[in-house]
Amino acid sequence: MYNESFMRRAIEISAEALDTPGTEPFGAVIVKDGKIVGEGINRSVMNHDPTSHGETEAIRDACRNLETVDLRGCELYSSCEPCALCVAAMNIAGIAALYYAADKAQAGDVLGDLPETVRFPIDVGRLTHECGHAVAERIMPAQQHLDAEATKILQAWASHARSRL
């Protein structure tokens, strides 16, 4: 259930980008049982990591704090509507609900004309298309190679995992 104080915290974290070099104004918090268990701000430039978005940083922080990769039952509050990368990470982690402030259109209106020297551009439409289609339907060329070898490793790992049950 939505709680305004958690959204205000996500926005407060996003404001840290005003004074912290290498960050961008995208903040997020993860909430479990009414308590913040993870926080994050976009550190892509600082970390030289294009996946270091506020939401992914909050997920990483929550997973470390809870010592798990299972965030089922948690909620994510974000200062901005998450991109497809972050939505995928939320689904992988099991986030149960998302609440956000600015939407993608609002962010695009404000940030869309910034030069690459200030902000690396993300084509949100292309990202959404790529993530929402099967590999054969994506814009980025992709080819499969050595699948039998990789599958053997997967089988060995799964067999080992089953033996520990």
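A salt bridge here is a side-chain nitrogen of Lys or Arg lying within 4 Å of a carboxyl oxygen of Asp or Glu. With that in hand, let's look around this model, which is a predicted one.

**Helix H3**

Start with helix H3, which covers residues 54–66. Its 13 residues, at 1.5 Å a residue, should span 18 Å, and the end C-alpha atoms do sit 18 Å apart, so expectation and model agree. Quite a few H3 residues are buried: Gly54, Glu55, Thr56, Glu57, Ala58, Ile59, Ala62 and Cys63. What do these buried residues pack against? Their partners are strands E1 (24–32), E2 (35–42) and E3 (75–80), along with helices H2 (44–47) and H4 (84–93). Once H3 is over, Glu67 comes just after it with a positive phi of about 55°.

**Salt bridges**

Now for the charged side chains. Side chains of opposite charge can pair when their charged atoms come close. Searching the whole structure turns up eight salt bridges, and the table shows three of these pairs.

| Pair | N to O distance |
|---|---|
| Arg43 and Glu57 | 3.8 Å |
| Glu57 and Arg60 | 2.6 Å |
| Glu81 and Lys104 | 4.0 Å |

Take Arg43 and Glu57, whose side chains meet at 3.8 Å. Arg43 is partly exposed, at 26% relative accessible area. Glu57, on the other hand, is buried, with a value of 11%, which puts it under the 20% cut-off for that label.

Glu57 also meets Arg60, with 2.6 Å from N to O. How far apart are Glu57 and Arg60 along helix H3? They are three residues apart, which means about one helical turn separates them. Arg60 is partly exposed, its relative accessible area being 30%.

Elsewhere, the side chains of Glu81 and Lys104 meet at 4.0 Å. Glu81 lies in the loop between E3 and H4, and Lys104 is in helix H5 (residues 104–111), so the pair ties together parts that are 23 residues apart in sequence.

How values were computed
Residues are numbered from 1 along each chain as its sequence is written. This is a predicted model: local features need pLDDT of at least 70, side-chain atom pairs count only at pLDDT 80 or more; totals for chains, interfaces and linings use all residues. Side-chain values use heavy atoms; hydrogens and water are left out. Helices (H or I, at least four residues) and strands (E, at least two) are DSSP runs, numbered from the N terminus. The expected span of a helix is 1.5 Å times one less than its number of residues. Buried means under 20% relative accessible area, exposed over 50%, partly exposed in between (1.4 Å probe, protein chains only). Contact means heavy atoms within 4.5 Å.
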